[in-house]
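Here are a few friendly notes to read alongside the structure. Take them one at a time, and keep the 3D view open as you go.

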Amino acid sequence: MPFAPRSHDLREGYTQSETRRAAQVAAALVGLCLVVLADMVTGPSGMSLPELWSALINGPAAEDKTAATIVWHIRLPQTLMGVLVGACLGIAGLQMQTILCNPLASPFTLGFSASAGFGAAMAITFGHLLPVPQFFLIPLSAFVMTLLACAIIYLIAAMREATAELLVLAGIAVLFFFQSLQSMVQFLSSPEVLQQIVFWLFGSLLKSSWTSVTVTAGLFVACLPLVLADTWKLTALRLGDSNASSMGLNVRALRLRTFGIVAILTSAAVSFVGTIGFVGLIAPHVARTIVGEDHRFAIPLSAITGSTILIGASVIGKLISPGASIPVGIITAVAGIPMLVAVIAVHGKTPR
Amino acid sequence: MSAGGLAIERLSVQRGRKIVLESVSLALEPGTLTALVGPNGAGKSTLLSATAGLLKHEGSITLGGLALSFADMGYLPQSNTITSSLTVLETVLLGIQDQLGWRVPAAAVEAAMRTVGMFGLDDLAHRPIDTLSGGQQQMALLAQRLVKCPRILLLDEPTSALDLHHQLGLFEILRTYANEHQAIVVAAVHDLSLAAQQCDYVALLADGKLKGYGTPQDILTAGAIRSVYRVEVEILCNSKGQRAILPLSPVAGQAATARAI
């Protein structure tokens with residue numbers, strides 16, 4: 001259109017790019033659904049799509065007890081848990097990289113995995129002294145310890161200007177502190193308990209139940225509006241602290257608030273299933289490479305990508321060793337790296 | 001002073017024990033472009049960020065007799081490296097983020113486009129900002145400040161990364177903006193000739209104190225520059241009355257003592 005005003009073309013360009021990015025998020029959602037289906041039909045006892053479908057529509061109290069049990073009590077909670085944990089870690093990773101202005105940051109950069117691990121190790125080792133069942137005490141203890149770590153970092157950061165550097169410094173200190181405590185608990189515990197602790201640390205969806213799905217979903221849904229309310233502010237923070245604050249943004253409050261949300265999302269993710277690395281690091285990179293840094297698109301896509309990587313890892317884990325599926329925590333990196341390479345190759349530029 | 005002016009009264013800023021700005025009073029009229037000049041460490045940046053309300057300070061700052069709100073303000077700090085891959089248009093849109101929701105209104109995109117066009121950045125509108133040169137980034141960030149049409153525009157060394165052509169272009173934009181919107185524009189600059197030629201007024205700052213405020217002819221005299229910058233200069237004037245400041249040599253000897261006092 002040679003005669004159209006220039007700004008019209010450019011506005012069209014912006015509208016088109018918005019539509020394109022919305023379509024990319026939708027496509028990713030379809031992709032996630034496919035992976036979820038794949039995860040539901042893989043498992044030691046095998047199951048075809050029609051069988052899965054009938055088990056799903058017949059409900060948990062169907063006549064075919066075996067199929068109902070497998071689908072409703074084993075696979076569905078595990079898959080849903082995987083979706084939720086992946087989404088939590090994807091969002092938490094994106095927020096962490098934004099508030100720390102650091103592409104290497106992940107939900108675990110500030111010691112949240114170490115503190116959760118310590119909490120779980122404490123509960124596994126000393127849990128029998130309390131009149132509370134283990135399946136309840138372990139996630140609770142992990143959750144509380146993560147929030148405690150968050151509170152320590154928060155207090156340190158709140159004393160000063162809460163810059164990214166200060167948060168990282170405080171976080172690394174907390175990381176080593178809880179790691180040492182965790183090592184000490186491991187050192188003091190018996191071989192059987194030690195084995196339990198190590199298995200918890202692996203991060204596996206096998207620990208999922210409807211209770212864990214409900215709690216994690218509850219926390220995720222509670223955090224979501226808080227995350228989405230700051231969409232534009234977080235996008236503005238990508239341009240750096242001084243630029244954001246000169247636009248009238250209260251960078252300190254935004255950073256501390258987001259940090260708190262990341263802590264809740266991360267502890268919701270790790271408390272039940274253990275630490276699952278890599279997802280929270282790589283999902284944001286994939287999301288930003290595809291839709292850019294506009295957080296309206298980057299937040300949902302990072303969540304979807306996180307879920308897809310985690311469920312993909314679960315499928316691969318089940319396929320490699322059908323008997324005892326390999327913990328997803330071990331597979332995520334294996335599944336995630338090809339994905340990252342693919343994205344970099346397709347887009348031909350380094351993600352940030 | 002006329003209605004709508006910016007009045008800075010007895011503005012002081014202290015950092016630790018050091019007084020970086022001491023009782024600066026300044027009245028700026030709408031529709032004017034003021035150059036803020038002074039040697040390194042004179043307090044130019046401090047004055048700008050304190051006026052923007054980003055620093056703890058004493059004294060009062062009012063606009064047309066009323067307390068200043070950030071909505072009236074466009075403040076651009078000294079440039080620093082940008083590592084974001086937001087596009088230029090997205091960057092400028094962030095300047096009016098309070099108007100943006102889940103959907104970006106067409107009017108907002110229109111306003112952002114107009115501002116991008118004002119700076120001649122149309123062709124770069126959809127380019128990631130980190131792929132731009134330093135000068136282009138600086139202009140994109142300035143566009144981000146201008147898009148909301150602030151009544152006060154405070155710029156900290158906006159020309160530091162610009163070539164000659166763009167320096168003049170930038171001042172052209174600033175003058176037009178000040179006139180059309182009856183805005184108050186203050187820019188910290190190091191180039192005294194540029195200040196003398198392009199700005200309506202000059203505020204000279206040294207050691208945290210205001211040494212003078214007035215037209216370039218009145219303020220940028222050889223004597224004032226000699227005492228504040230400790231440099232001998234010659235003031236040149238062409239047939240059109242445009243002035244240039246030609247630095248000759250540093251004033252010998254008294255540099256260290258003058259600083260200590």
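This is a predicted model: local features need pLDDT of at least 70, side-chain atom pairs count only at pLDDT 80 or more; totals for chains, interfaces and linings use all residues.

1. Helix α3 of chain A (residues 65-99) packs against helix α8 of chain A (residues 210-229) at an angle of about 30°, and their axes are 10 Å apart. Angles under 35 degrees count as roughly parallel, and α3(A) and α8(A) are therefore roughly parallel to each other. The crossing of α3(A) past α8(A) is left-handed. To find the contact, look on α3(A) for residues including A:P77, A:L80, A:M81 and A:L84, and on α8(A) for residues including A:W210, A:S212, A:V213 and A:F220.

2. Now try a second pair in chain A. How do the axes of helix α4 (residues 112-126) and helix α5 (residues 134-159) of chain A cross? They come within 7 Å and cross at roughly 140°. That angle makes α4(A) oblique to α5(A). Here α4(A) passes α5(A) in a right-handed crossing. Among the contact residues are A:F112, A:S115, A:A116 and A:G119 of α4(A), with A:L137, A:I138, A:S141 and A:A142 of α5(A).

3. Next, where the chains meet. The contact takes 23 residues from chain A and 29 residues from chain B. On the chain A side, α1 (6-41), α9 (231-237) and α10 each give two or more residues. The largest share of that side, six residues, comes from α1(A).

4. Chain B has an open sheet of four strands, in the order β2-β1-β4-β5, with antiparallel pairing. Its edges are β2 (18-28) and β5 (66-67) of chain B; each has a single partner strand, so one side of each is left without a neighbour in the sheet. Inside the order, β1 (residues 6-15) and β4 (residues 58-63) of chain B pair in the antiparallel sense over five bridges. A handy landmark is B:A7, which stands opposite B:T62 in β4(B). Helix α1 of chain B (residues 44-51) packs on this sheet, touching β1, β2 and β4 of chain B, and its direction makes about 65° with that of β2(B).

5. There is also an open sheet of six strands in chain B, ordered β6-β7-β8-β3-β9-β10, and its pairing is mixed. The edge strands are β6 (73-76) and β10 (209-214) of chain B, each of which pairs on one side only. From one strand to the next, the twist averages 15°. For a parallel pair, look at β7 (residues 152-156) and β8 (residues 184-188) of chain B, which are joined by five bridges. In that region, B:L153 stands opposite B:V185 in β8(B).

6. Finally, follow helix α4 of chain B (residues 134-146), which lies across β6 and β7 of chain B and runs at about 165° to β6(B). This helix, α4(B), has 13 residues and reaches 18 Å from its first C-alpha to its last, close to the 18 Å expected at 1.5 Å a residue. Why is α4(B) described as largely enclosed by the rest of the structure? Because 11 of its 13 residues are buried; these include B:M139, B:A140, B:L141 and B:L142. What covers the buried residues of α4(B) includes β6, α2, α3, β7 and α5 of chain B, together with α10 (241-246) of chain A.

Note on methods:
Residues are numbered from 1 along each chain as its sequence is written. Chains are lettered from A and ligands numbered from 1 in the order in which they are written. Two strands pair if DSSP finds at least two bridges between them. Axes are lines fitted to C-alpha atoms, for helices over the stretch in contact, and angles run from 0 to 180 degrees between N-to-C directions. Two residues are in contact if their C-beta atoms, placed from the backbone, lie within 7 Å. The expected span of a helix is 1.5 Å times one less than its number of residues. A residue is buried if 20 or more other C-beta atoms lie within 10 Å of its own, exposed if 12 or fewer, and partly exposed in between; C-beta atoms are placed from the backbone. Angles under 35 degrees count as roughly parallel, over 145 as roughly antiparallel, 65 to 115 as roughly perpendicular and the rest as oblique. A crossing is left-handed if the near helix is turned anticlockwise from the far one by less than a right angle, and right-handed if clockwise.
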